[in-house]
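Thanks for coming. I will go through one structure today, starting with a single side chain and then moving to a helix.

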Amino acid sequence: MQVDTREINSIIQKHGAKRQALVPLLQEIQSLLNWLPEQALETVAEKLQIPLRDVYGVATFYRSFSLVPRGKHTITVCVGTACHVRGGPRIVDALSQELNIKPNETTPDMYFTLETVNCLGCCAIGPVVVVDGEYHGEMTAQKTLSIIRNIKKGDKNDST
Ligand code: FES
């Protein structure tokens, strides 16, 4: 994936090319691209004049940063024990089939990333699915598919 260096440079300019700006800077790049490509990290290291390994150190320390490509929308299905017995894996299977990807993969059009997690701390409402940070309890495969189909429809309508 080709990174637009001008966009990265303008983010750096906005925050200032100083070490203290590293985290907010990476956050903004992550929110722009949904992940932190190597090329972007190299540009940041160069402009801030800090070793690339330090930039990687921060990028790998925070869970919210991703060093692998992520889709525009993230779907996280809980497969912890409570959600597992209530059908979490069936939701994962249905999504895998619908999106044609396995868990922890992203669709080739960079639209959806499918993840699984082992407990989100709200077992009583399981199975739980988180779509773009929004929690949905007592989910079924059908309800989850309908959410992602609505997202697709909504995005399509937004772009027309
Ligand atoms: S097991 Fe799914 S929220 Fe705890």
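With which side chain does the side chain of arginine 70 make a polar contact at 2.7 Å? That partner is glutamate 115. A polar contact here is a pair of N or O atoms within 3.5 Å; within protein, one must be able to donate a hydrogen and the other to accept it, and residues adjacent in sequence count only if both atoms are side-chain atoms.

Before going on, the ground rules. This is a predicted model, where local features need pLDDT of at least 70, side-chain atom pairs count only at pLDDT 80 or more, and totals for chains, interfaces and linings use all residues. Residues are numbered from 1 along each chain as its sequence is written, and side-chain values use heavy atoms, with hydrogens and water left out.

Back to arginine 70. Its side chain also has a polar contact of 3.1 Å with the side chain of threonine 74. Arginine 70 sits in the loop between helix H4 (52-61) and strand E1 (73-78). Helices (H or I, at least four residues) and strands (E, at least two) are DSSP runs, numbered from the N terminus.

Now helix H1, residues 5-15. Ile8, Ile11 and Ile12 are its buried residues, buried meaning under 20% relative accessible area, exposed over 50%, and partly exposed in between, with a 1.4 Å probe and protein chains only. Down the axis of H1, these buried residues fall within an arc of 100 degrees, so they line one face of the helix; the arc is that of the directions from the helix axis to the C-beta atoms. Arg6, Gln13 and Lys14 are exposed on the other side of H1.
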